[in-house]
Amino acid sequence: MQQPLGKIEQTGSCLCGAIKFKASGNIQGNVLCHCRTCSRAKGMSPVQLIIVTKGGDADIITFTQGEDKLQVAKGYGDMEHLFCSECGCGICQGLHAFSSYFRAVFPSTFQIEDGASCLVPEIYRPRCHVHYENRLFDWNDDLPKWKGGPPGDGMPGEKVQVSNSGAVIVTHVS
């Protein structure tokens, strides 16, 4: 597994405010995901995911309000999506079997507004696109784009970096 990109200690809430939470741990990845599962579950593509792993004794997600409003939807395979039963806002997602070790959180739920801006701090900005082969259209930005996942994501197999238009740039084997 790669070295963490940094630490996260961030509060957030669902759209209606019924659920409030704190995300704590190591930032293991920060991506714009184009996979069909994320896209369909959120009704948009790409979905920004910050992958958080346990960084000590604290739980990755601690609910400070409204845990009774939390619902779980089963996704593809062992994937589960946690959301608010009142407003439907996604809180986090991940593989059920690894829920105490890692979760993906959504920066759009973070409490970062300062009255003048909703821009996320640099550490919460995405580092790359993943599952770019599933994009709905080409993204013309400077972020690296990976057909599947990037090198160092812990998954075996080819790691294919592509251009904005999807043409292969380089293939890594991990």
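**View 1. Phe110 and Tyr124 are both buried.** Buried means under 20% relative accessible area, exposed means over 50%, and partly exposed lies in between (1.4 Å probe, protein chains only). The model is predicted: local features need pLDDT of at least 70, side-chain atom pairs count only at pLDDT 80 or more, and totals for chains, interfaces and linings use all residues. Residues are numbered from 1 along each chain as its sequence is written, and side-chain values use heavy atoms, with hydrogens and water left out. A search of the whole structure gives two aromatic pairs. Rings of Phe, Tyr and Trp (its six-membered ring) pair if their centres lie within 6.5 Å; planes under 30 degrees apart are stacked, over 60 edge-to-face, and the rest tilted. Phe110 and Tyr124 make an edge-to-face pair, 5.2 Å centre to centre with 65° between the planes. Both residues sit in the loop between strand 8 and strand 9, 14 residues apart. Helices (H or I, at least four residues) and strands (E, at least two) are DSSP runs, numbered from the N terminus.

**View 2. Phe137 and Trp139 form a stacked pair.** Their ring centres are 5.4 Å apart. The planes meet at 15°, so the pair counts as stacked. Trp139 is partly exposed, at 26% relative accessibility.

**View 3. Lys145 lies over the face of Tyr132.** The distance to the ring centre is 5.9 Å. A charge sits over a ring if NZ of Lys or CZ of Arg is within 6 Å of the ring centre and within 35 degrees of the ring normal.

View 4. A disulfide is a pair of cysteine sulfur atoms within 2.5 Å. By this rule the count is zero. Cys38 is buried, with a relative accessible area of 4%.

**View 5. Cys14 sits in the loop between strand 1 (6–13) and strand 2.** This cysteine is buried, with a relative accessible area of 3%. Cys14 and Phe110 are 96 residues apart along the chain. Their C-alpha atoms are separated by 8.9 Å.

**View 6. Met79 belongs to strand 6.** Met79 counts as buried, at 19% relative accessibility. Met79 and His129 are 50 residues apart along the chain, and their C-alpha atoms are separated by 20 Å.

**View 7. A cis peptide bond joins Ser45 and Pro46.** Omega is about 0°. Pro46 lies in the loop between helix 1 and strand 3.

**View 8. His131 has a positive phi although it is not a glycine.** The phi angle is about 55°. His131 lies in the loop between strand 9 and strand 10 (145–146). At 28% relative accessibility, this residue is partly exposed.

**View 9. The largest pocket has a volume of about 1,200 Å³.** Of its 39 lining residues, Ile51, Phe102, His131, Asp153 and Met155 are the closest to the centre. On a 1 Å grid over the protein atoms alone, a pocket is an open set of points where a 1.4 Å probe fits, with protein on both sides within 12 Å along at least five of seven lines; lining residues have an atom within 4 Å of a point. Grid points are joined across faces, edges and corners, and a volume is the space filled by probe spheres set on the points. Strand 2 gives the most to this lining, with five residues. Elements that supply at least two residues each include helix 1 (36–42), strand 3 (47–53) and strand 7 (90–95). The lining has 21 nonpolar, 14 polar and four charged residues. Ala, Val, Leu, Ile, Met, Phe, Trp, Tyr, Cys and Pro count as nonpolar, Asp, Glu, Lys and Arg as charged, and the others, Gly among them, as polar.

**View 10. The second largest pocket holds about 380 Å³ of space.** It is lined by 21 residues. Met44, Phe106, Pro107, Ser108 and Thr109 lie nearest its centre. Helix 1, strand 3 and strand 6 (79–84) each supply at least two lining residues. Strand 6 gives the most, with three. By class, the lining has 13 nonpolar, six polar and two charged residues.
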